[in-house]
Structure formats: C-alpha cells, structure tokens
Amino acid sequence: MKRITTTILTAMLGLGVALPAMAAPSINKGDTAWMFVSTLLVVMMVVPGLALFYGGLVRAKNMLSVLMQVMMVFSLIIVLWCLYGYSLAFTPGNAFIGGFDRLFLNGIWDPAKGAFSMAATFTKEAMIPEFIFVAFQGTFAAITCALIVGAFAERARFSAVLLFVVIWFTIGYLPVAHMVWFWAGPDAITDAASLEVVTAGAGYLWQQGALDFAGGTVVHINSAVAGLVGAYVIGKRIGYGRESMAPHSLPLTMVGASMLWVGWFGFNAGSALEAGDVAALAFINTLLATAAATVSWALGEWVFKRKPSMLGAASGAVAGLVAITPGAGFVGPMGALVMGLLAGIICLWGVTGLKRLLRADDSLDVFGVHGVGGILGALLTGVFAAPSLGGQGVWDYTTNAMGTSYSIASQLMVQLHAVGVTIIWSAVTAFIAFKLVDIVIGLRVPEDEEREGLDVTSHGESAYRY
Amino acid sequence: MKMITAIIKPFKLDEVREALSEINVQGMTVTEVKGFGRQKGHTELYRGAEYVVDFLPKIKIEAAVDDAVVDQVIDAIQSAARTGKIGDGKIFVADLNQVIRIRTGETGNDAL
C-alpha cells in the first residue's frame, strides 16, 4: 500500500523549473519582503549570534579561534552553495541528490527571455523570486556547518576544520537537504495522478511523508551527529576533566543566545516561505516553546543542581528553539509549550547524564543540545501535528484542504525513520570526512599550541589585552 | 620599624583605609590578590562540568609604620576588616630594616 496519499506541507521546496502554463503564478511582494527579512535574521543568527554564543563558552585563549571558525565556515559554505550546493540540493535529480541545472546559479536569470525565475511556496500560484530562495536556503546550509565546530572547539586545526566542512557539506548536508526538503512545489498538483507525479520527483524522506518544517533533521540532528563523530575522532582536549575549562564570558554567551532567539524567527517563520497564517503559527510557537524551555531548564537546574544558572537559561532557550524547529508550522501553541518544557529538561540531561555516558569531549555540547533537542522535536512533531492535538495535520493539495486522516502512530514511525536516516547518513559521511582530513593534514593542533591557545598560535592575535 | 601586611576581604578596603588614615598612617600599597586559607574555595557548575575554584579574590595592604604605633595599626585593621565570618583574612607583622624616600634620600623613621 502506498503511504503517500497526500502531499505533505513540509518546509522548503525548490523550484525554478518551468511551471505549467495553466496557472498564472506571479511574485507575491509581501511574501518576498518577509523572505528578505527572514534571510537577514538567519545571517544574524550565525554572525554574530552563534559565534558569540560559542565564543563565550570557551577559554579566553581560544575566543578568536571560535569566532573565526564560525565566520569562515559560514562564508565558505555560502560560496560553495552558490557554486554547486543549491543545485545539488534543490533541483530535480534522484531521490537522494539533485542535478546540475542550477550549477553556478545558472538559469535563474534568463538573458534570452529577459526574465528571472520564480520559486514556489506552499500556496499555489504564490511565488517568490528564486534568488531570495537561494539565499535563504544558503544560510541554512551555512549555519548547519558552523554549528559543528562547537563539538571540537579549542583543539582542531583551522585548515582541518575548513577542509572537513567542504567535504561534509558536499556528501553529508546536500543529500539530506535534498531528501527532506526537495519537491517541485504545489502548483502542478490538481488530482491524485498529478500528486503522485510531484511526489515521485521529490526527495526520499519527503516521499515518505517526513515532517520537518525548518530543519530538525537537516540542520540540527545532521550537525550534532557530525559534531559528535568529530569529538570522538579528534579526541579530548588536553586536561579535560582535570583542568578548569570554565567559560570565559557568559555575558557574551547570553548575548549570543539572545541573538539566536531573535534570528530564529527568520529561521522558523521564514520557513513558511510566505508571510501568512502558517508563518504566524511558526512565530508564536518559536516564542512560546523557547520561553518554556528556558523556564524548564532553569527550574531543572534549581531542583537537581541547587542553583539556576545564566548558562542554563541560555542553553534552555537554544534547546527550545531546536526542539520547535521541525514542528514550528505544524503543531499548535499548546503542543509547542509541551515540546519546549520537555526540551529544557531532556537537553539538561543531554549535557549532563547523557554526556557522561557518551564519554566524548563535545566541548560546547552540540550533541547534548542540538542532537537531543532535534531528535525530541522531530519525534514530537509527529505527535503534536495531529489535528486532534491542535496541530495542522497534513495539507491535501488535491482537495486544497486539510487532510482528513492523520495517524499519530504511523506519522511517528515516519519521523523515526527520518531521524534514523539522518543520523546514519550524517555519521557515516562525517566519519569519512574526518578520516580523510586526518590523513591529508591532521585534525589536531600540536600539544604546545593547544596549551598556548589557538588565538595566538593559529591566528596570530589575542582577543583581550589586560 | 615594622612592615604590616594585611590580607582582607575586598569590600572591606575602604573601611580599613579610613581607619588607618584616622590614626595618621601616611601611606600604604594595595594589591588585588587571590588565595585561600581556612575558607577554602567554592565550586562552580557549568552544565555538567563542576570546577573547584581554590583561589578567592582578596586585597593585600602593605604599610610600613613606626614601632610605636604598631599595636594601634593592628587594632585599626582588625576592627575595620572584621565581619566575624570565615575568610576575614590575616595580618602579618615583620621587622623592617631600612626605609628610604627616593626623592629626598631621607632614611628610617623620617622616610615613613
């Protein structure tokens, strides 16, 4: 029996290919304006948001190395995205990887016709310029790669970090993004037969019906697993568990976390691709789940660790943001509240109990927050997307109404499948990439450089003058 | 002459300075230092990682004084710096062989 009877309103789509002549699609200027704002917000999440969030958590001698890694990885990935990444992720190919139609962003501007191509949204005939879609998706690829560096901060060789992200972006990120998010858009769907055609052309996990509104699998699980593999392969920092590795500036971490929160409205509400009801739903969910996780993490610390900490509140906010990401436009606000409350407590366990079990020196807890929060969010999305629990269910583009059947159990299995595929894909590709880099240039800096700090030894500068 | 070295809690510095001015101590040198005695340190918890911070911030005051006022100085510091709680600090008294004022070349008590 075919599982796909309805096309699922997942986030993201890529399209620029010729659209059927029957519709009269046109650029919606309101939606387009929102996508510009959203894209800028996601840029701000990375530089300086993520950079400061991570930077404050390392020792003062490694501050600049973290800022530098985040900024350089972001910039490098944006370049690769425009050269070949976008094409491989968001053009038709097979179920696992796209094609070369948009290599070098070719064809988005057609000089012969004197016209720009458009990208589909989730509403028939509502279009946005493909260039802003390229930019928006590029920031997602870049933040995913930048998130990874937190797992092996304070000891990785700078050139190794850059070479790793080039390889992993290509064999790890692009296929997962294509599998989860690529489809041709809703415009060609008129009946069951056309739905089947569109679905058959989509990415593998999209075809399965996986729900990932803004990147629980593609961004968070993907980066967290790659980071965890990196922490194992690179090894622990010198003195780990014996010397103090306390964060050097929690105020900067708080500033960074706050910028992530603000920027995440672009990330989640922007993933609606339109400035309408679903974006508004994603917006309130992003506000509420994050606040709930901040409260629950801090309360959890208060109860279990005696004192509620600033770092705990900041970590809770990020955990909540991660957890609501896959469900932002699917679940109702009370579903988001539960997801946030659970994320705060479970990710607190992720950076304490689970971290001890894993025995890896994941320096900035990329797996504990993004991995655990991402898996939790991806699974709970399958639960709280149910209309019976206040969720959106799935949209049926053949009837242009909400689908009538939603089974929590079967959706949960689909979500589990998507999580499993992402974990395995990311782990295998990351392992290959790390091993390759280790053979070619070596993953770690020499011991004396690690002790002196990467700011001076890798970059020839110091963050602070006393 | 004696060299008085007092280790005190940082927030007690102003009170100690005023108390010493009242009994005409003419000068002192103050340094921010870290250390521990019976108070020991404290623990800090960052996510799962717990660190013991051994060295707590303290203020070190150094003052060179005439033998005649040593007891007065000790009383002044002790009463100003005292909170009664562990960690109030210590006063060390040591003999001072010579003092020279660099500008004038005066020595001994004249240089204090």
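How many other C-beta atoms lie within 10 Å of Tyr51(B), and is this residue buried, exposed or partly exposed? In this predicted model, Tyr51(B) has 15 other C-beta atoms within 10 Å and is partly exposed. A residue counts as buried at 20 or more such atoms and as exposed at 12 or fewer, so the count of 15 for Tyr51(B) falls in between.

Let us stay with this tyrosine for a moment. Tyr51(B) sits in strand S4 of chain B, which covers residues 49-53. Leaving aside neighbours within four places in sequence, its contacts are Ser244(A) and Ala246(A) from chain A, together with Thr43(B) and Glu44(B) from chain B. An unreviewed UniProt entry lists Tyr51(B) under "modified residue: O-UMP-tyrosine".

Elsewhere in chain B, strand S2 (residues 29-35) is hardly covered: the count of buried residues among its seven residues is zero. S2(B) pairs with S5(B) in the antiparallel sense, over seven bridges. Within that pairing, Val30(B) has Ile61(B) as its bridge partner.

The buried residues of H2(B) are Val73(B), Ala76(B), Ile77(B) and Ala81(B). Viewed down the helix axis, these fall within an arc of 105 degrees, so they line one face of H2(B). That buried set packs against strand S1 (2-8), helix H1 (13-22), strand S5 (56-65) and strand S6 (89-95) of chain B. On the face turned away from the buried side, H2(B) carries the exposed residues Asp71(B), Asp75(B) and Ser79(B).

Now over to chain A, where an open sheet of three strands has the order S1-S5-S4, with mixed pairing. Strand S1 (26-27) and strand S4 (118-120) of chain A stand at the edges with a single partner strand each, so one side of each has no neighbour in the sheet. S1(A) runs parallel to strand S5 (residues 126-129) of chain A, and two bridges join them. One of the residues involved is Ile27(A), whose bridge partner in S5(A) is Met127(A).

| Helix of chain A | Strands of chain A | Angle to S5(A) |
|---|---|---|
| H1 (residues 29-55) | touches S1 and S5 | about 45 degrees |
| H3 (residues 130-148) | lies across S4 and S5 | about 70 degrees |

How values were computed:
Residues are numbered from 1 along each chain as its sequence is written. Chains are lettered from A and ligands numbered from 1 in the order in which they are written. This is a predicted model: local features need pLDDT of at least 70, side-chain atom pairs count only at pLDDT 80 or more; totals for chains, interfaces and linings use all residues. Helices (H or I, at least four residues) and strands (E, at least two) are DSSP runs, numbered from the N terminus. The arc is that of the directions from the helix axis to the C-beta atoms. Two residues are in contact if their C-beta atoms, placed from the backbone, lie within 7 Å. UniProt positions are given in the numbering used here, feature names are shortened, and annotations may be inferred rather than shown by experiment. Two strands pair if DSSP finds at least two bridges between them. Axes are lines fitted to C-alpha atoms, for helices over the stretch in contact, and angles run from 0 to 180 degrees between N-to-C directions.
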